[in-house]
Amino acid sequence: VHLQASGGGSVQPGGSLRLSCIASGSFFRIGVMGWYRQGSEDQRELVAIIDSDGTTRYVESAKGRFTISRGNGENTVYLQMTTLRPEDTAVYYCNARISHYKGSPDYPYWGQGTLVTVSS
């Protein structure tokens, strides 16, 4: 299984970016998908997650500014980020919990990370 993230870049404060992540490979089901981020000196933190039924959860600082969604197929997740702030600067990683056959537990997979820089 491979997760490919894209969409990072450099924007000014107040700008917007849309991150995308697509999972490919052989699997039975994808459960929760999400985005995490890690600043230069910080631990990796959860930004937003979305379950297969559409239930979402956000870190407090992202509420009202970021929107997580899944594509029509179950293997894609997006993060629309608006009103970006300098403190949003980080490497953003997508994550997916994937089971490989019916009845098996799911395992976490990570994308390679995409850098978001918010600076004037």
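## Salt bridges

Glu 60 is exposed, with a relative accessible area of 60%. (Buried means under 20% relative accessible area, exposed means over 50%, and partly exposed lies in between, using a 1.4 Å probe and protein chains only.) The structure you are looking at is a predicted model, in which local features need pLDDT of at least 70 and side-chain atom pairs count only at pLDDT 80 or more, while totals for chains, interfaces and linings use all residues. Residues are numbered from 1 along each chain as its sequence is written, and side-chain values use heavy atoms, with hydrogens and water left out.

What does Glu 60 form a salt bridge with? The partner is Lys 63, and the closest N and O atoms are 3.0 Å apart. (A salt bridge here is a side-chain nitrogen of Lys or Arg within 4 Å of a carboxyl oxygen of Asp or Glu.) Lys 63 itself is partly exposed, at 46% relative accessibility. The structure holds 5 salt bridges. Another one links Arg 37 to Glu 45, with 2.6 Å between the closest N and O atoms. Arg 37 is buried at 6% relative accessible area, whereas Glu 45 is partly exposed at 31%. Arg 97 and Asp 106 make a further bridge, their closest N and O atoms being 3.3 Å apart. Both ends are partly exposed: Arg 97 has a relative accessible area of 33%, and Asp 106 has 31%. Shared partners also join Arg 37, Glu 45, Arg 65 and Asp 88 into one salt-bridge network.

## The nonpolar core

Next, have a look at the largest nonpolar core. (Such a core is a set of buried Ala, Val, Leu, Ile, Met, Phe, Trp, Tyr and Cys residues joined through side-chain atoms within 4.5 Å.) Among its 28 residues, the ones that touch the most other members are Trp 35, Val 47, Phe 66, Leu 79, Met 81 and Tyr 92. Elements that give two or more residues to this core include strand 1 (2-6), strand 3 (17-24), strand 4 (29-38) and strand 5 (45-50). (Strands are DSSP runs of E with at least two residues, numbered from the N terminus.) Which strand gives the most to this core? Strand 9 does, with 5 residues.

Setting aside neighbours within four places in sequence, Met 81 is in contact with Gly 15, Ser 16, Leu 17, Leu 19, Arg 65, Phe 66, Tyr 92 and Val 116. (Contact means heavy atoms within 4.5 Å.)

## Strands and their partners

Strand 4 has 7 of its 10 residues buried, so it is largely enclosed by the rest of the structure. A hairpin of 6 residues joins strand 4 to strand 5.

Strand 1 and strand 3 run antiparallel, joined by 5 bridges. Gln 4 faces Ile 22 of strand 3 across this pairing.

## Two serines

Ser 20 belongs to strand 3. Leaving out neighbours within four places in sequence, Ser 20 is in contact with Gln 4, Ala 5, Ser 6, Trp 35, Val 77 and Tyr 78.

Is Ser 99 buried or exposed? Ser 99 is buried, with a relative accessible area of 8%, and is found in strand 9. With neighbours within four places again left out, the contacts of Ser 99 are Phe 27, Phe 28, Arg 29, Ser 104, Pro 105 and Asp 106.

## Rings and charges

How many aromatic pairs are there? The count is 1. (Rings of Phe, Tyr and Trp, using the six-membered ring of Trp, pair if their centres lie within 6.5 Å; planes under 30 degrees apart count as stacked, over 60 as edge-to-face and the rest as tilted.) Tyr 36 and Trp 110 form this edge-to-face pair, with 5.0 Å centre to centre and 70° between the planes. The pair links distant parts of the chain, since Tyr 36 in strand 4 and Trp 110 in strand 10 (residues 107-110) are 74 residues apart.

Trp 110 is partly exposed, at 38% relative accessibility. The charged end of Arg 44 sits over the ring of Trp 110, 4.6 Å from its centre. (A charge sits over a ring if NZ of Lys or CZ of Arg is within 6 Å of the ring centre and within 35 degrees of the ring normal.) Arg 18 likewise lies over the face of Tyr 78, at 4.0 Å from the ring centre.

Terms used. Helix = DSSP H or I, 4+ residues; strand = E, 2+ residues; numbered from the N terminus. Pairing = 2+ DSSP bridges.
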